[in-house]
Amino acid sequence: MTENSEARIGRRTVLVATGATAATLAVGAAAATGSPATTAPAAAPVAAAAVCTLTKEMTEGPYYLDGQYVRSDISEGKAGFPLKLTLTVVDDDTCAPLPNALVELWHADALGEYSGFVGNNGHDEPDNGTFLRGGVLTNSGGVAAITTIYPGWYRGRCVHIHVKVHTNVTLTSDGSFTGGQEIHTGQLFFSETITTAVARVSPYSTNTVTRTTLAQDSIYDDGGAASGLLTLTALGSSPSAGYAGSLTLGVEQG
């Protein structure tokens with residue numbers, strides 16, 4: 001089963017430009033009006049200067065499993081290139097960081113197989129039902145830092161990672177979570193240039209399924225960061241050294 005037949009969810013979310021981008025926009029706006037940028041209230045949080053861009057949520061797809069671990073490293077020793085994600089969650093009304101929100105991820109391994117569903121992409125490998133799944137609570141700045149591997153691909157879909165954001169969860173004694181409210185379901189996408197380079201190298205090159213490109217994908221709508229496209233930075237001089245990926249997710253709490 002592919003995700004091509006899954007309908008997109010209508011609830012809206014936002015992706016937010018922060019940091020230097022927000023500062024540049026604030027200065028530019030001040031110059032345009034003839035007012036100095038320093039007239040903004042000194043006590044306002046930095047995130048409040050951000051420009052919020054609305055985007056629709058993406059389909060959950062067929063491979064979600066409840067009750068995954070709360071952990072900052074979801075790789076479980078799977079073969080693949082390191083991917084260090086920094087995802088910042090903010091409130092879409094105020095652009096303020098959202099602390100103690102659980103950011104949960106799940107994605108395919110280098111062969112395009114999901115834990116709990118191994119074999120659906122034509123490859124035979126051990127399946128424990130937990131690899132490349134899990135999440136972490138955001139810190140006081142709304143940041144969730146999660147280590148995994150660069151995803152592989154499966155029939156009909158480009159390379160991507162699924163993401164959910166939950167609030168008010170209860171951590172359980174077995175290292176998982178329960179309860180709370182699910183406030184965002186989306187997907188994270190990758191530069192086609194980088195994926196092409198990664199796909200040439202083992203173990204990704206051993207994936208026998210024809211790869212769907214970003215432009216061919218039925219879910220990604222070419223909206224850039226507003227549609228979940230990560231900002232990627234190489235961690236070394238070759239693809240095998242891995243990448244750092246970042247994105248700011250704005251979510252609707254009400």
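Good morning. I begin with R71, which lies in the loop between β2, residues 51-56, and β3, residues 82-91. Please keep in mind that the model on display is a predicted one.

Is R71 buried or exposed? Its relative accessibility is 18%, so R71 counts as buried, the limit for that class being under 20%. A polar atom of the R71 side chain lies 2.7 Å from the backbone oxygen of R133. If we set aside its neighbours within four places in sequence, R71 is in contact with E76, T130, R133, G135 and V136.

Let us now consider the whole chain. The protein chain has two helices and 12 strands. Read from the N terminus, the order of elements is β-α-β-β-β-β-β-β-β-β-β-α-β-β. The chain has 254 residues, of which 47% count as buried. Among contacts with a separation of 6 or more, 78% come from residues 24 or more positions apart. The chain exposes about 11,000 Å², and carbon and sulfur atoms supply 55% of that area.

R155 is located in the loop between β6, residues 143-149, and β7, residues 160-167. With a relative accessibility of 41%, R155 counts as partly exposed. Its side chain reaches the backbone oxygen of N120 at 2.8 Å. The C-alpha atoms of R155 and G112 are separated by 8.2 Å, while the two residues are 43 apart along the chain.

I turn next to the aromatic rings. How many aromatic pairs are there? The count comes to 10. In one of these, the ring centres of Y150 and F190 are 4.7 Å apart and the planes stand at 55°, so the pair is tilted. Y150 lies in the loop between β6 and β7, and F190 in the loop between β10 and α2, so this pair ties together parts that are 40 residues apart in sequence. Both Y150 and F190 are buried.

Y150 also pairs with Y204: their ring centres are 6.4 Å apart and their planes are at 90°, so this pair is edge-to-face. Since Y204 belongs to the loop between α2 and β11, the pair joins parts that are 54 residues apart in sequence. Y150 has a relative accessible area of 0% and is buried; Y204, also at 0%, is buried. Ring pairs link F81, Y150, F190, Y204 and Y243 into a cluster.

Finally, two charged residues sit over rings. The charged end of K78 is placed over the ring of F131, 4.1 Å from its centre. R211 lies over the face of W153, at 6.0 Å from the ring centre. Thank you for your attention.

Notes: Residues numbered from 1 in each chain as written. Predicted model: local features only at pLDDT ≥ 70, side-chain atom pairs only at ≥ 80, totals over all residues. Heavy atoms only, no water. Helix = DSSP H or I, 4+ residues; strand = E, 2+ residues; numbered from the N terminus. Buried < 20%, exposed > 50% of the residue type's maximum accessible area, 1.4 Å probe, protein only. Polar contact = N/O pair within 3.5 Å; in protein donor to acceptor, adjacent residues only side chain to side chain. Contact = heavy atoms within 4.5 Å. Areas by Shrake-Rupley, 256 points an atom, 1.4 Å probe, with all protein chains shown as cover. Phe/Tyr/Trp six-rings, centres within 6.5 Å; stacked < 30°, edge-to-face > 60°. Lys NZ or Arg CZ within 6 Å of the ring centre and 35° of its normal.
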